[in-house]
Amino acid sequence: MSRDNPTLGEKISWRIEAFGYDLVVLLLRALPVDWASAFGGWLFRTIGPLTPVNRTASDNLRLAFPKLGEREHARLLNAQWDNVGRTFAEFPLMDRIRPGTGRVEVINGERLAEIRDSGEPVEPTLRSADRSRPSAGRTPAFMHEARKLALVPKHVVCVSAARSHRRSS
């Protein structure tokens, strides 16, 4: 949130954002995973290049790969938008993208089972890169990063926690 005492306008805006998120999730969840993923890819490939973020993505791609030809540059930029769109569309469907569905390959599942059964403390982390390693003796776990939308992250975390609880019951 922007501050401890938000204005009425901010509160209304946040409610509209949360309603919009819920509406998108409702529509995506009505689709099979492959359709929702393809739709997200198409939507972001279509809209992404029209946004100011596209310029940043293009500039960063040129910095990372200065010798890249125009055709390959355009292909990678398009693939980047497709990936972001698919990730966006698949996030609300994570309960359908699980081991056992054929969509996920679990590597070292025995170790995951050991961690689950051992009672070891697990430290949520946003990254697993060397510079952001978890504390000694703790196992990293995925955690959703808070976004700029004030109400949506809380809602997402609550929904995710409720789904996890239902599965474990």
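**Helix contacts and an aromatic pair**

Me: Which residues of α3 meet which residues of α4?
Reply: In this predicted model, Val 53, Asn 54, Ala 57, Ser 58, Leu 61 and Arg 62 on the α3 side meet Glu 70, His 73, Leu 76, Leu 77, Gln 80 and Trp 81 on the α4 side.

Me: And how does that contact split by class?
Reply: The contact of α3 with α4 has 6 nonpolar, 4 polar and 2 charged residues.

Me: At what angle do the axes cross?
Reply: The axes of α3, residues 52–64, and α4 cross at roughly 130 degrees and come within 10 Å, which makes α3 oblique to α4.

Me: Left-handed or right-handed?
Reply: The crossing of α3 and α4 is right-handed.

Me: Switching to aromatics, how many pairs are there?
Reply: The count comes to 2 aromatic pairs; one of them is formed by Phe 44 and Phe 88, whose ring centres lie 5.3 Å apart with the planes at 40 degrees, so this pair is tilted.

Me: Where do Phe 44 and Phe 88 sit in the chain?
Reply: Phe 44 belongs to helix α2 (residues 33–47) and Phe 88 to helix α4 (residues 70–90), so that the pair, 44 residues apart, links distant parts of the chain.

Me: What is the relative accessible area of Phe 88?
Reply: For Phe 88 the value is 36%, and the residue is therefore partly exposed.

Me: Zooming out, how many helices and strands does the chain have?
Reply: The chain has 6 helices and 2 strands, and from the N terminus on the elements run α-α-α-α-α-β-β-α.

Me: What share of the chain is buried?
Reply: Buried residues make up 21% of the 169 residues.

Notes. Residues are numbered from 1 along each chain as its sequence is written. This is a predicted model: local features need pLDDT of at least 70, side-chain atom pairs count only at pLDDT 80 or more; totals for chains, interfaces and linings use all residues. Side-chain values use heavy atoms; hydrogens and water are left out. Rings of Phe, Tyr and Trp (its six-membered ring) pair if their centres lie within 6.5 Å; planes under 30 degrees apart count as stacked, over 60 as edge-to-face and the rest as tilted. Helices (H or I, at least four residues) and strands (E, at least two) are DSSP runs, numbered from the N terminus. Buried means under 20% relative accessible area, exposed over 50%, partly exposed in between (1.4 Å probe, protein chains only). Axes are lines fitted to C-alpha atoms, for helices over the stretch in contact, and angles run from 0 to 180 degrees between N-to-C directions. Angles under 35 degrees count as roughly parallel, over 145 as roughly antiparallel, 65 to 115 as roughly perpendicular and the rest as oblique. A crossing is left-handed if the near helix is turned anticlockwise from the far one by less than a right angle, and right-handed if clockwise. Contact means heavy atoms within 4.5 Å. Ala, Val, Leu, Ile, Met, Phe, Trp, Tyr, Cys and Pro count as nonpolar, Asp, Glu, Lys and Arg as charged, and the others, Gly among them, as polar.
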